[in-house]
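Thanks for coming, everyone. I have one structure to walk through today.

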Amino acid sequence: MKKTHLEQKTSTSDDPAPTWDIFSAVIDNYGDIGVCWRLARQLVAEHDLKVRLWTDDLISFQKINPEIDPLLPRQVSRGVEIRQWAENTNMSVEPADVVIEAFACELPAVYVSTMAKSGRRHVWVNLEYLSAEAWVDSHHGLPSPHPGLPLIKYFFFPGFSPSTGGLLVEKNRLEQRAIFQADFQLCSAFWRELGIPAPEKKEVRISLFCYDNNSAISLFTDWAKGTTPVVCLIPEGVATTQIATFFEAPHPKKGNLFKKGSLIVRVLPFLEQDKYDKLLWACNFNFVRGEDSFIRAQWAARPMVWQIYPQETGAHWPKLRAFLERYGADLPHTTAVALTTFFEAWNNGGARDPDWESLWTHRDTLEKHAQKWANRLIKNEDLTTNLVNFCNNKLK
Ligand code: TRH
């Protein structure tokens, strides 16, 4: 159950607060740095901690945080010290008390040996990828002694149940969202900022953030021939091939508007992370992917579909089904079947087209459920508070 703000105050007054290092290596896309940036700035903003974020891809970082200057090896943003982590970066630095290795990115060897020789206690945590699978509960927090050095690494699993590390969500974020969604002026101001008129009465606004997915063409077809006006907002660089094919427009780029039948597609610039949250709040339906946008869409309390990061081995399917089982558990059977069928078709990379009309007939049920789901999830302690308490207990 949630603690009071005082109990959350994790360090006794006279001890200097522990220092934190977060290491993020970007494999591809934006999730690795997206999750680490969200965590880092919440540690500073809500837990008054001193945080140093090491990343090997300042260019991807700049896409979600325009304050970043990719040429600077050292800079500060939102109170977080940002350090470039490159091959030639001198890593013989003073290690922090708490060291977060995000997504098994492998810490620099010299940094690990300095930790071992420092004579101080360090808490080394591997922040794992999110999964809705049941096995996560029993693996959360497990230790792994280092084979050669007097160090222990702990596995910290985000998750949907109270016995996991929880999910990333900032304090009062759901209240802010509720105020935004209830205020037509605030919503209109957001659209105006993007240079987009406020939605017409019957219009449906859909955000589309996916991997390369040919099923987007069947969606465009359904929306174009439908009777409901649909405005689809797509970040630049996403579904480029499908937009180009459907609208015979070779290189769709930010600012472009395409129209066919009842469908308007608008290509957006990549938005700063908090602004992207507002896009999810302002739309009636959201297509999201990976990890971080997937969670943000749930906090947006709007119906959503998730394209999980596909793994060649197909290991992503049990993860997808595990989530659908949790999310659909108390949905009426027909709605759960429609949603599962759509999710599976959307993650099937075009083998079988997702049927929008069948799904959208469950609109009311999906909208109520999205609200209920977010209100249930928020009852669990948030990931950052769990991680701070976990590490402070290990530092004792
Ligand atoms: O970019 P992703 O596909 O990242 C993925 C996942 O993290 C996946 O787990 C990992 O295995 C893979 O990378 C390598 O999707 P994700 O996780 O949603 O991250 C996108 C981030 O970009 C998220 O923090 C939201 C942010 N974003 C913006 O800030 N502005 C935008 O306009 C958009 C579209 C996204």
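Where does asparagine 29 lie? It lies in the loop between strand E1 (19–24) and H2. Before I go on, a caution: this is a predicted model.

Back to asparagine 29. Its phi is near 60 degrees. That is a positive value in a residue other than glycine. Asparagine 29 counts as partly exposed, because its relative accessibility is 26%.

A second residue has a positive phi. Phenylalanine 103 has a phi near 55 degrees, and it too is not a glycine. Look for phenylalanine 103 in the loop between strand E5 (98–102) and H4. Is phenylalanine 103 buried or exposed? It is buried, since its relative accessible area is 10% and the cut-off for buried is under 20%.

Helix H4 runs over residues 109–117, and alanine 109 is found in it. Alanine 109 has 62% relative accessibility, so it counts as exposed. Now take glycine 119. Alanine 109 and glycine 119 are 10 residues apart in sequence. In space they are 17 Å apart, C-alpha to C-alpha.

Next, open space. The largest pocket has a volume of about 810 Å³. How many residues line the largest pocket? The number is 41. Nearest its centre lie Gly31, Tyr211, Gly290, Glu291 and Asp292. Four helices each supply at least two residues of this lining: H2, H10 (273–282), H11 and H12 (316–328). H2 gives the largest share, four residues. By class, the pocket lining has 24 nonpolar, nine polar and eight charged residues.

The largest cavity has a volume of about 110 Å³. Its lining counts 13 residues. Val35, Pro158, Leu168, Glu291 and Leu383 are the ones nearest its centre. Helix H2 (31–47) and helix H11 (292–299) are the elements that give two or more residues to this lining. The lining of the largest cavity holds 10 nonpolar residues, three charged ones and no polar ones. Note Glu291: it is among the residues nearest the centre of the largest pocket, and also among those nearest the centre of the largest cavity.

The second largest cavity has a volume of about 50 Å³. Its lining includes Gly159, Gly166, Trp299 and Asp382. Five of its lining residues are nonpolar, three are polar and two are charged.

On to charges. Side chains of opposite charge can pair when their charged atoms come close. How many salt bridges does the structure hold? It holds 23.

Start with arginine 83 and glutamate 81. Their side chains meet in a salt bridge, 3.0 Å from N to O. Both arginine 83 and glutamate 81 are buried.

Then aspartate 222 and lysine 225. Here the salt bridge is 3.3 Å, N to O. Aspartate 222 and lysine 225 are separated by about one helical turn, because they sit three residues apart in helix H8 (residues 215–225). Aspartate 222 counts as buried, because its relative accessibility is 15%. Lysine 225 counts as exposed, because its relative accessibility is 63%.

Aspartate 330, at 35% relative accessibility, counts as partly exposed. Lysine 372 is partly exposed too, with a relative accessible area of 46%.

Now the network. Salt bridges that share partners join Arg38, Arg41, Arg78, Glu170, Arg173, Glu272, Asp274, Asp277, Asp292 and Arg296. Asp292 is also one of the residues nearest the centre of the largest pocket.

Last stop, the surface. Which residues make the nonpolar patch of about 310 Å²? They are Ile27, Tyr129 and Tyr309. Tyrosine 129 lies in the loop between strand E6 (123–127) and helix H5 (135–139). It is partly exposed, with a relative accessible area of 38%.

That's the tour. Questions, please.

Conventions. Residues are numbered from 1 along each chain as its sequence is written. This is a predicted model: local features need pLDDT of at least 70, side-chain atom pairs count only at pLDDT 80 or more; totals for chains, interfaces and linings use all residues. Side-chain values use heavy atoms; hydrogens and water are left out. Patches are made of residues with over 30% relative accessible area and no salt bridge: like charges are joined within 9 Å, nonpolar side chains (Val, Leu, Ile, Met, Phe, Trp, Tyr) within 5 Å. Accessible areas come from the Shrake-Rupley method with a 1.4 Å probe; for residues, only the protein chains shown count as cover. A salt bridge is a side-chain nitrogen of Lys or Arg within 4 Å of a carboxyl oxygen of Asp or Glu. Buried means under 20% relative accessible area, exposed over 50%, partly exposed in between (1.4 Å probe, protein chains only). On a 1 Å grid over the protein atoms alone, a cavity is a set of points where a 1.4 Å probe fits but cannot get out, and a pocket is an open set with protein on both sides within 12 Å along at least five of seven lines; lining residues have an atom within 4 Å of a point. Grid points are joined across faces, edges and corners, and a volume is the space filled by probe spheres set on the points. Ala, Val, Leu, Ile, Met, Phe, Trp, Tyr, Cys and Pro count as nonpolar, Asp, Glu, Lys and Arg as charged, and the others, Gly among them, as polar.
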